[in-house]
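Work through the exercises below with the model open. Try each task before reading its solution.

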Amino acid sequence: MAKHSLLSASASQRWIACPPSARLCEEYADKPSEYAQAGTDCHELCAYKVEKALGWKVRNPTKQLSFYDEEMDECSDGYRDFVMECVAKVKESCDDPLVLVEQRLDYSRYVGIEGSFGTGDCVIVADGMLYVIDYKHGLGVLVSAEKNSQLCCYALGAVDLFDGIYNIERITLVIYQPRRANISLYKMEKNELLTWANDTLAPAAKLAQEGKGEFKAGDHCQFCKAKTNCRKRAEYNLELAKYDFEMPATLDDSEIAAILPRIDDLASWASDVKDYALQKALSGTKFDGFKVVEGRSNRKYTDEDTVAKTVQNAGFDPYEQKLLGITAMSQTLGKKKFEELLGGLIYKPAGKPVLVPESDKRPAMNTAADDFKEN
Ligand code: SF4
């Protein structure tokens, strides 16, 4: 119920921006994905490690995790350390904070639907303050804590539970997203949260529940079940195409600048439509002018052991010797030995230039044009 409730906190960014999407999504089946399962596994490991660090008696779930690997182990270690740092910080001003792991947080009364709740990965409550910490295992989208509606919903649930005892005034929302090296914090007063609940959340929830309001396309579409064949999203992305007839033969820089913010949405929509059409075509739909063919494939050995033996018997070495990669080498030597032996032999080459919006947190690169200006 929590995961797929009509007004789930995790989908709140989408249904607040596009209220009718909530009812529309009910018409689509859930598609379980490997990414989601890996995320679930990592959440379980994170919860275990934090509970253990808090001194609770808990069972190690690692053997039951299908997607457990070295990276997941490192991510969950980092998360545990971060949470424990937060706990230590809170303890500077309150001896006995309440730390809750995987806490059910119910925000039903703000959205008007019973059973609207989510699970806060870690909630720390102390005199006058509340921390809501959410672990994100995803790599695709950099998540910000700033006015993050999912965390705001969880904070509302936590305020309802604990305000009477702890008189909460200051709230800190935290996203911990290790695979993007992202720790995002947003501090807000309780009043700001309650004003948001009243002015933004509740009206959008009412429209969403009634299947009313305006369809609105944007970044949030990428997590919508209707994204492949939603008319509004198609119109939004095809708006660019209509300029073909209005623009002169070549685009000037200001026109390119106007197109750039829309390119990522356009590309992801195009790819969604292609995937959707392929699935339909494989199930028998005929799209005019299109057919399904076999894609390119590479030759493969039918039996690698037999190949190796055959080549060895013929007097050749079938294997190549390769230096271990940095991760594998670090695993072989252990982190300390790796640093000791190879610390001075590691460098990080400059990454390939990427054009991103000004809002991106990375510092701007020094380009050849900049060098030229300076001389
Ligand atoms: S794809 Fe976008 S515009 Fe269409 S219903 Fe979903 S969120 Fe709304």
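**Exercise 1. The ligand site**

Where does the ligand sit?

Solution. First, the basis. This is a predicted model, in which local features need pLDDT of at least 70, side-chain atom pairs count only at pLDDT 80 or more, and totals for chains, interfaces and linings use all residues. Residues are numbered from 1 along each chain as its sequence is written, and side-chain values use heavy atoms, with hydrogens and water left out.

Step 1. The ligand sits in the largest cavity. A molecule sits in a cavity or pocket if more than half of its atoms lie within 2 Å of its grid points. On a 1 Å grid over the protein atoms alone, a cavity is a set of points where a 1.4 Å probe fits but cannot get out; a pocket is an open set with protein on both sides within 12 Å along at least five of seven lines; lining residues have an atom within 4 Å of a point.

Step 2. List the neighbours. The ligand is surrounded by 13 residues, with C18, K216, C221, C224 and C230 the closest. Here a residue is near a molecule or strand if one of its heavy atoms lies within 4 Å of it.

Step 3. Sort the shell by class. Seven of its residues are nonpolar, two polar and four charged. Ala, Val, Leu, Ile, Met, Phe, Trp, Tyr, Cys and Pro count as nonpolar, Asp, Glu, Lys and Arg as charged, and the others, Gly among them, as polar.

**Exercise 2. The largest cavity**

Describe the volume and lining of the largest cavity, then explain its position between domains.

Solution. Step 1. The largest cavity holds about 90 Å³ of space. A volume is the space filled by probe spheres set on the grid points, which are joined across faces, edges and corners.

Step 1. Its lining has 14 residues, and C18, K216, C221, C224 and C230 lie nearest the centre. By class, seven are nonpolar, two polar and five charged.

Step 2. At least two lining residues come from each of α2 (21-25) and α8 (231-242). Helices (H or I, at least four residues) and strands (E, at least two) are DSSP runs, numbered from the N terminus.

Step 3. The largest cavity lies between domain 1 (12-210) and domain 2 (228-282), because both give residues to its lining. The bounds come from an automatic or database domain assignment. The C-alpha centres of domain 1 and domain 2 are 34 Å apart.

**Exercise 3. The second largest cavity**

Which residues line the second largest cavity?

Solution. Step 1. Its lining consists of G218, D219, C221, Q222, R233, Y236, N237, D265 and S268. Two or more of these residues come from each of α8 and α9 (253-282). The largest share, three residues, belongs to α8.

Step 1. Two of the lining residues are nonpolar, four polar and three charged. The volume is about 50 Å³.

**Exercise 4. An open site**

How many nonpolar, polar and charged residues line the second largest pocket?

Solution. Step 1. Pick out the lining, which includes V273, K274, F287 and V293.

Step 1. Count by class: eight nonpolar, one polar and three charged. About 380 Å³ of space lies in this pocket.
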